[in-house]
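Hi everyone, thanks for making time for this. I'd like to walk you through some side-chain contacts, so please have a look at the model while I talk.

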Amino acid sequence: MSVSLRKARTIVRKTLEKGREMDLKPLSVVVLDAGGHVIAFEREDGAAPGRFAIAHGKAYGSVMLGMAGTAQMKRAEAQAYFMAAVNGVYGGQVVPVPGGVLLRDRKGAVIGAVGVTGDTSENDAAAAMAGIEASGLTGET
């Protein structure tokens, strides 16, 4: 199973809708496949232009490590040297905080990731989960 363009677009749309419902700051949302390739991305009006790199870094770290953003942050706090090394391996593209959400299939295999940025990391993750659930997929924060 992989993330289709249709599902990715649903995730983006529903994540942004949840952000508006929660009265969050303007969000940026990216959906990656299991290889770390971008399937879909949108940045709301008013979101800073550099938000793509942050959203991508949250999702990219999740899919490349098979570890959601919350787990990455805990690992970074416990073993900063490990996350620094990982970030070196991946050219500085990993942003190890909540808002990077793994997408898993029914058997638990990683099929992609979602990265959301713009508000607090916890709010970013909550909006992402709403989008993922609306698409019928399973997310891990």
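Let me start with the rule for aromatic pairs: rings of Phe, Tyr and Trp (its six-membered ring) pair if their centres lie within 6.5 Å, and planes under 30 degrees apart count as stacked, over 60 as edge-to-face and the rest as tilted. By that rule, there are two aromatic pairs here. One of them joins F41 and F52, an edge-to-face pair with 4.8 Å centre to centre and 90° between the planes.

A word on where this comes from. This is a predicted model, where local features need pLDDT of at least 70 and side-chain atom pairs count only at pLDDT 80 or more, while totals for chains, interfaces and linings use all residues. Residues are numbered from 1 along each chain as its sequence is written, and side-chain values use heavy atoms, with hydrogens and water left out.

What does the F41 and F52 pair tie together? F41 sits in strand β2 (residues 38-43) and F52 in helix α2 (residues 51-65), so the pair links parts that are eleven residues apart in sequence. Helices (H or I, at least four residues) and strands (E, at least two), by the way, are DSSP runs numbered from the N terminus.

For burial, I'm using relative accessible area: buried is under 20%, exposed is over 50%, and partly exposed is in between (1.4 Å probe, protein chains only). F41 is partly exposed at 29%, and F52 is also partly exposed, at 32%.

Now for Y60 and Y90: their ring centres are 5.8 Å apart and their planes are at 90°, so this pair is edge-to-face. Y60 belongs to helix α2, while Y90 is in the loop between α4 (80-89) and β3 (100-104), so the pair ties together parts 30 residues apart in sequence. Y60 is buried, with 13% relative accessibility, whereas Y90 is partly exposed at 23%.

There is also a charge over a ring, which requires NZ of Lys or CZ of Arg within 6 Å of the ring centre and within 35 degrees of the ring normal. R75 lies over the face of F82, 3.7 Å from the ring centre.

On to charged partners. Side chains of opposite charge can pair when their charged atoms come close. I call it a salt bridge when a side-chain nitrogen of Lys or Arg is within 4 Å of a carboxyl oxygen of Asp or Glu. How many salt bridges does that give? The count comes to six.

Let's look at helix α1 (residues 5-21), where R13 and E17 are four residues apart, about one turn of the helix. Their closest N and O atoms are 4.0 Å apart in a salt bridge. R13 is partly exposed at 42%, and E17 is partly exposed at 33%. R13, K14 and E17 are linked in a salt-bridge network.

Helix α1 also holds E21 and K18, three residues apart, about one turn of the helix. Their side chains form a salt bridge at 2.9 Å, N to O. E21 is exposed at 60%, while K18 is partly exposed at 25%.

Finally, K58 forms a salt bridge with D124, with 2.9 Å between the closest N and O atoms. K58 is in helix α2 and D124 in helix α5 (residues 121-135), so this pair ties together parts 66 residues apart in sequence. Are these two residues buried or exposed? Both K58 and D124 are buried.
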